[in-house]
Amino acid sequence: MGNWIVRLRLLPFKSRKILIETSLTAGLSLSKLSFEQVVEVSGKLTASKEADQQISAGAIVEITFTSAVGKTFKYKVETQEDGTYQLLPSFTPDEVGNWQLKVNFISNEDFKSSESSVSIVINKG
């Protein structure tokens, strides 16, 4: 039996912050366009209605256009104070066919990521 000496080393507890849900919209000027017609993209990044904190200006939204043959064009834009964003200058597709537009917000220290996608048809002029 005897005496025992027990030494414990306590490690700091790392709490995980709960990230706020977001939603991201993608709007187009038109979803059916003629060849070399300009595509205007805008949308809004919002936090869930239950959140105490709202999206601030400067959140990064990634915009990706993918052509029918798989060629991609990537852009990054920042949100305004109200969470809206717009691609400036606008994008002009260089091929006919079915294109895909994907917008993506990558999570940060406060908000979860979200994405949205839209199909675009580019017809011969």
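**Core and aromatic cluster**

Phe-65 is buried, its relative accessible area being 0%. The model is a predicted one. Phe-65 also belongs to the largest nonpolar core, which has 26 residues, and to a cluster of linked ring pairs.

**Aromatic pairs**
- The structure contains 6 aromatic pairs.
- Phe-65 and Phe-91 are stacked, with 4.0 Å from centre to centre and 15° between the planes.
- Phe-65 sits in strand S5 and Phe-91 in the loop between strand S7 (84-86) and S8, so this pair ties together parts 26 residues apart in sequence.
- Phe-91 is buried, at 3% relative accessibility.
- Phe-91 also pairs with Phe-73; this pair is tilted because the ring centres are 5.2 Å apart and the planes are at 55°.
- Phe-73 lies in strand S6 (residues 72-78), so its pair with Phe-91 joins parts that are 18 residues apart in sequence.
- Phe-73 is partly exposed, at 22% relative accessibility.
- The cluster linked by ring pairs consists of Phe-65, Phe-73, Tyr-75, Phe-91 and Trp-99.

**Nonpolar core**
- The members that touch the most others in the core are Val-41, Ile-63, Phe-65, Tyr-85, Leu-101, Val-103 and Ile-120.
- At least two core residues come from each of strands S4 (41-47), S5 (60-66), S8 (97-105) and S9 (114-123).
- The most, 4 residues, come from S8.
- Beyond four places in sequence, the residues that Val-103 touches include Leu-24, Val-61, Ile-63 and Tyr-85.

**Gly-43**
- Gly-43 is part of strand S4 and is buried at 14% relative accessibility.

Note on methods:
Residues numbered from 1 in each chain as written. Predicted model: local features only at pLDDT ≥ 70, side-chain atom pairs only at ≥ 80, totals over all residues. Heavy atoms only, no water. Core = buried A, V, L, I, M, F, W, Y, C linked by side-chain atoms within 4.5 Å. Buried < 20%, exposed > 50% of the residue type's maximum accessible area, 1.4 Å probe, protein only. Contact = heavy atoms within 4.5 Å. Phe/Tyr/Trp six-rings, centres within 6.5 Å; stacked < 30°, edge-to-face > 60°.
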